Amino acid sequence: MSVKDRIRLGVGLVLTLALVVPLGWMWWDSRLPGTYSVMDMGEPVYGGGPAGGHDHHVAAGSKQATSVVDLDTEATGEPDVAVDLTAREGTVTLASGRKVQGYSLNDTTPGPTIEATVGDLVEVRVRNESVDGGIALHWHGVDVPNAQDGVAGVTQDAVDVGEEFTYRWVAPDAGTYWYHSHQLSHEQVSGGLYGAVLIHPQQREPGVRDVLVQTHVYDGQPTIDGERGFKHVAARVGERLRVRVVNTDNGPQNLWASVPFLVRAVDGFDVNAPTPVTDRTVEIPAGGRVDLEVRVPADGESVRMAMQGEVGVTLGPEAEDAPQVRQPDDGLDLLGYGSPADVGFDLDRADRKFEYSVGKRPGFLDGKPGLWWTVNGKLYEDMPMFVIREGDVVRVRISNHSGEAHPMHLHGHHAVVLSRDGKKAPGSPWWFDSLEVQDGETFDVAFLADNPGVWMDHCHNLRHAREGLVTHLMYEGVTTPFRVGDDSGNTPE
């Protein structure tokens with residue numbers, strides 16, 4: 001071999017090592033432990049607030065730590081609402097008669113609707129009969145104490161086959177909510193392990209009837225409460241109906257109607273002074289809920305409420321009397337809908353300010369190469385963990401430059417939209433727990449830190465959560481004894 005050939009070989013080896021060694025280190029560094037605590041994920045960020053003299057990585061047994069298991073329902077005695085649920089995996093028969101492979105609760109999907117009144121003590125005993133991956137039930141949008149949040153590996157261990165778990169919480173706020181698995185969520189929720197929660201006010205509104213509608217895609221086929229096409233709800237002429245729509249899918253649902261309607265509530269919280277909406281669609285993010293009020297026309301013509309995928313509901317004397325209605329070109333902008341009202345805390349004061357910037361870049365996730373989601377430029381599990389104190393007013397700027405939309409969901413709290421792309425919100429307070437953030441959009445939101453715990457903050461396109469778009473909101477001094485990771489049996493997504 002000549003001197004030139006040896007030089008070329010040496011240069012080639014150096015260049016190869018310069019490429020392979022960093023990639024090998026990145027691969028090795030990205031591998032997740034078999035079991036680990038979410039308390040050890042990423043780096044704490046404090047949003048300009050005090051760090052309290054120590055970071056959030058506080059030992060579970062230390063005197064200064066409060067465990068999530070201690071942040072529990074104080075109520076004792078007999079429940080006002082008691083529900084038994086049995087989870088099964090296998091063949092499920094939908095309301096349409098179609099059989100699918102998936103999951104059920106009490107042999108149905110959607111599972112039984114849980115109804116309560118504000119202040120009721122709700123007790124739900126869940127038994128896992130045959131779901132091999134284990135289960136945990138999360139009360140989506142219901143701001144329960146942290147111990148009841150139902151997130152495997154964060155607030156409890158997954159419930160294995162043959163085991164059961166009892167949830168107890170006091171119904172906090174009237175509204176439309178839902179429950180679903182938060183263990184192997186991308187698979188179990190899509191497969192049908194979910195149901196609705198309806199919390200009534202102590203004084204119900206007279207003259208209005210509730211109609212609950214749950215949208216879900218089973219094996220690529222859109223359904224309403226498990227039925228194909230349009231589901232008919234018999235209603236009298238002139239009757240007022242509050243249609244409570246729950247979007248249980250991974251993507252947004254657009255909704256429109258053949259008559260003017262009112263948007264009465266978003267994510268369980270009433271809109272202040274809603275006005276009639278005509279020729280507009282209403283977008284419901286993945287995980288979100290919207291309550292629409294319609295009145296059956298005096299001429300007896302039924303109302304058609306349509307959604308994407310050629311599904312929806314008809315409401316009135318006869319289904320065939322409901323007119324066809326095309327999808328409007330424009331959507332309703334909730335930023336300016338309704339009238340302003342007090343939100344209960346000072347929006348001009350912020351104890352913490354955080355950036356939550358969603359992106360995408362190449363890298364390794366648990367040893368797998370690909371294009372993965374990032375928060376503030378960091379890949380899972382190195383994403384920032386947002387640390388706050390009870391009583392803080394917290395502002396978050398959520399921006400998205402990832403190339404796809406993300407329905408962002410914060411557990412345990414409702415936040416209010418302050419602005420979108422710099423435009424301030426002039427309408428009713430837009431409270432949410434599930435917010436669709438389009439690519440290129442920026443939202444400024446705020447919430448009051450009034451529910452201590454360790455809370456997931458993630459994308460509710462559950463495939464995105466599986467791909468690492470998950471971070472946490474940490475209250476200072478709170479820790480969890482539970483573990484995640486393949487060896488733990490807990491995979492919350």
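These legends walk through several close-up views of a predicted model.

Residues are numbered from 1 along each chain as its sequence is written. Because this is a predicted model, local features need pLDDT of at least 70 and side-chain atom pairs count only at pLDDT 80 or more, while totals for chains, interfaces and linings use all residues, and side-chain values use heavy atoms, with hydrogens and water left out.

**View 1. Confidence along the chain.**
Let's begin with pLDDT, the predictor's confidence in each residue, from 0 to 100. The protein averages a pLDDT of 92, and 91% of the residues score at least 70. Over residues 14–30, however, the pLDDT is below 50, and this stretch has nine contacts in the model beyond near neighbours in sequence. A contact means heavy atoms within 4.5 Å. Residues 53–62 also stay under 50 in pLDDT, and the model has 26 contacts for them beyond four places in sequence. Where pLDDT is low, the predicted coordinates should not be read in detail.

**View 2**
Strands, like helices, are DSSP runs numbered from the N terminus (helices H or I, at least four residues; strands E, at least two). Two strands pair if DSSP finds at least two bridges between them. Seven bridges link β3 (residues 81–93) with β4 in the antiparallel sense. Look for valine 92, whose bridge partner in β4 is valine 100.

**View 3. A sheet of six strands.**
This open sheet also has mixed pairing, and its order is β12-β11-β14-β19-β16-β17. Its edges are β12 (221–224) and β17 (269–270); each has a single partner strand, so one side of each lacks a neighbour in the sheet. Strands β11 (residues 208–218) and β14 (residues 240–247) run parallel and are joined by eight bridges. Valine 213 stands opposite valine 245 in β14. In the loop between β11 and β12 you will find aspartate 219, which has a positive phi of about 50 degrees although it is not a glycine.

On a 1 Å grid over the protein atoms alone, a cavity is a set of points where a 1.4 Å probe fits but cannot get out, whereas a pocket is an open set with protein on both sides within 12 Å along at least five of seven lines; lining residues have an atom within 4 Å of a point. Grid points are joined across faces, edges and corners, and a volume is the space filled by probe spheres set on the points. The model has two cavities of 30 Å³ or more. The largest cavity holds about 200 Å³ of space. It is lined by 17 residues, and the closest to its centre are Val396, Ile398, Leu410, Phe447 and Asp457. Strand β27 (406–410) is one of those that supply at least two residues of this lining, and its three residues are the largest share. The lining of the largest cavity has twelve nonpolar, three polar and two charged residues. In this grouping, Ala, Val, Leu, Ile, Met, Phe, Trp, Tyr, Cys and Pro count as nonpolar, Asp, Glu, Lys and Arg as charged, and the others, Gly among them, as polar. The second largest cavity has about 80 Å³ of space, and its lining includes Trp430 and Trp431.

**View 4. The largest pocket.**
About 650 Å³ of space lies in the largest pocket. Among its 27 lining residues, Leu32, Asp366, Arg466, Thr491 and Glu493 lie nearest its centre. At least two lining residues come from each of β23 (368–375), α3 (462–466) and β34 (470–475). The lining of the largest pocket divides into 14 nonpolar, seven polar and six charged residues.

**View 5. Two cis peptide bonds.**
The bond from threonine 109 to proline 110 is cis, with omega near 0 degrees, and proline 110 sits in the loop between β4 and β5 (114–117). The bond from tyrosine 380 to glutamate 381 is cis too, with omega near 10 degrees. Glutamate 381 belongs to the loop between β24 (378–379) and β25 (385–388).
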